[in-house]
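User: Hello! I would like to learn how to read a structure like this one. Could you take me through some of its features?

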Amino acid sequence: MVGMATVGPASGYSGHYLHRSVLLAEVVEHLWVRPDGVYLDATVGDGGHAVAILDVASPAGKVLGLDRDPHSLARAVQRLGPYGDRFVPVQGNYAEMSALARARGVSRADGVLMDLGFSSWQVQEPGRGFSFRSDEPLDMRYDPASPLTAAHIVNSYEEGELAQLIFQYGEEPRSRAIARNIVRNRPIGSTAGLADLVARAVGTRRGHRLHPATRTFQALRVAVNDELVHLEAGLKSAIELLAPSGRLIIISYQSLEDRLVKNFLAQESRGCICPPEAPACTCGHQPRVRLVNRRVIRPSLQEVQLNPRSRSAKMRVAQRL
Ligand SMILES: C[S@@+](CC[C@H](N)C(=O)[O-])C[C@H]1O[C@@H](n2cnc3c(N)ncnc32)[C@H](O)[C@@H]1O
């Protein structure tokens, strides 16, 4: 899952390993990077996309790099140090990206990138609780200052609520059996303990590539970080922030996110949204974006071979009208 990514030419990054950025060339191509443009990387992570954008946006282009996770942002700051004040780090939630950018004097961006989910490094970092492959406290927060942890959900939600959450956010068909097994075995203290309970509830599915706990862990991560609510708010905020002709790129890794992005962009690219049976338009809805790619952009076979994590990536691009 973790690759030794190529470090940008000006990067002084000295971390052990880096997140391998997904669809890197495609992002740079579709963002229409200009030498004096201002770009918002709303999920800067390990900074791979930001490095590529800054290299093309030379000599005067800027990147505001936003991340909810202060540890991630610290890594990006270290890696992007050589770019001086062309890189502006911001800790915060992309749900508020427009206000956060305005507070740094940026009221219009020429492009916005949202590379959703978590980075390989976050999964590898001990103590974060994202991985079922090691034994860790059940945390899963991007922002350690936010109050809700996976341990709280697993140990205090009612069985029905837990089953619904695992079904809705993990698209796990065996959610009821999993919730029952969790409730019977409380308190649950660690990721490995939870993964084991889930595996026992669903059994190992023969020929199945995914670990049996993958969907449950996804559901808990989405709930702990309120990911879908923030994604919707982030998309709205990105459209507010984009300059005319500016481009928005979203890379998603699971179907819930991609569906939300697809529906949001479809709505924003449409004129009238009155019901089809309405005799005349009363909504006055105006399109705010143009869809650049009707079919999602996927990583090449070569990229997937180099970086298996990229296999589920779907990239959508829209342009501000
Ligand atoms: C897939 S990684 C980005 C990797 C990055 N593009 C790179 O090339 O290294 C996603 C990042 O988004 C951050 N993130 C998740 N939810 C966020 C939110 N609501 N607001 C801001 N950042 C968020 C995570 O902490 C993580 O660092």
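This is a predicted model: local features need pLDDT of at least 70, side-chain atom pairs count only at pLDDT 80 or more; totals for chains, interfaces and linings use all residues.

User: Let's begin with charges. How many salt bridges does a search of the whole structure find?

Analyst: Here is the general idea to start from. Side chains of opposite charge can pair when their charged atoms come close. In this structure, the search turns up 12 salt bridges. One of them joins Asp-46 to Arg-75, with the closest N and O atoms 2.7 Å apart. This pair links distant parts of the chain, since its members are 29 residues apart. Asp-46 sits in the loop between β1 (38–41) and α2 (48–56), while Arg-75 belongs to helix α3 (residues 70–80).

User: Are Asp-46 and Arg-75 buried or exposed?

Analyst: Both Asp-46 and Arg-75 are buried. Another example is the salt bridge between Arg-128 and Glu-125, at 3.0 Å from N to O. Arg-128 and Glu-125 are both buried too.

User: What about Arg-200 and Asp-196: how far apart are they in helix α9?

Analyst: Arg-200 and Asp-196 are 4 residues apart in helix α9 (residues 191–202), so about one helical turn separates them. Their side chains meet in a salt bridge, 3.0 Å from N to O. Asp-196 is partly exposed because its value is 39%.

User: Which residues are linked with Arg-34 in a network of salt bridges?

Analyst: Asp-36 and Asp-110 are the partners: together with Arg-34 they form a network of salt bridges.

User: And which residues gather in a patch of positive charge on the surface?

Analyst: The patch of positive charge brings together Arg-174, Arg-176, Arg-180 and Arg-184. To find your way there, look for helix α8 (residues 175–184), where Arg-184 is located. Arg-184 counts as exposed because its relative accessible area is 62%, and the cut-off for exposed is over 50%.

User: Now for the rings. How many aromatic pairs does the structure hold?

Analyst: It holds 3 aromatic pairs. When reading a ring pair, look at two values: the distance between centres and the angle between planes. For Phe-118 and Phe-130, the centres are 6.2 Å apart and the planes meet at 15°, so this pair is stacked. Phe-118 is in the loop between β4 (109–115) and α5 (120–124) and Phe-130 in the loop between α5 and α6 (150–156), so the pair ties together parts 12 residues apart in sequence. Phe-130 has a relative accessible area of 10%, so it is buried.

User: What kind of aromatic pair do Phe-132 and Phe-217 form?

Analyst: Phe-132 and Phe-217 form an edge-to-face pair, with 5.1 Å from centre to centre and 90° between the planes. Phe-132 lies in the loop between α5 and α6 and Phe-217 in helix α10 (residues 214–224), so their pairing ties together parts that are 85 residues apart in sequence. Phe-132 is buried, with a relative accessible area of 15%, and Phe-217 also counts as buried, at 4%.

User: Which residues do ring pairs link into a cluster?

Analyst: The cluster consists of Phe-118, Phe-130 and Tyr-142.

User: Let's finish with the backbone. Where are cis peptide bonds found?

Analyst: Most residues other than glycine have a negative phi, and most peptide bonds are trans. Here, a cis bond joins Ser-58 and Pro-59, with omega about 10°. Pro-59 is in the loop between α2 and β2 (62–67). A cis bond also joins Arg-186 and Pro-187, with omega about -5°, and Pro-187 is placed in the loop between α8 and α9.

User: And what is the phi of Leu-23?

Analyst: Phi of Leu-23 is near 50°, a positive value in a residue other than glycine. Leu-23 is in the segment before α1 (24–31), and it counts as buried, at 0% relative accessibility. Asp-226 also has a positive phi, near 50°. You will find Asp-226 in the loop between α10 and α11 (227–241); its relative accessible area of 34% makes it partly exposed.

Notes:
Residues are numbered from 1 along each chain as its sequence is written. Side-chain values use heavy atoms; hydrogens and water are left out. Patches are made of residues with over 30% relative accessible area and no salt bridge: like charges are joined within 9 Å, nonpolar side chains (Val, Leu, Ile, Met, Phe, Trp, Tyr) within 5 Å. Accessible areas come from the Shrake-Rupley method with a 1.4 Å probe; for residues, only the protein chains shown count as cover. A salt bridge is a side-chain nitrogen of Lys or Arg within 4 Å of a carboxyl oxygen of Asp or Glu. Lys and Arg count as positive and Asp and Glu as negative; His and the chain ends are not counted. The place of a charge is taken as NZ of Lys, CZ of Arg, CG of Asp or CD of Glu. Helices (H or I, at least four residues) and strands (E, at least two) are DSSP runs, numbered from the N terminus. Buried means under 20% relative accessible area, exposed over 50%, partly exposed in between (1.4 Å probe, protein chains only). Rings of Phe, Tyr and Trp (its six-membered ring) pair if their centres lie within 6.5 Å; planes under 30 degrees apart count as stacked, over 60 as edge-to-face and the rest as tilted.
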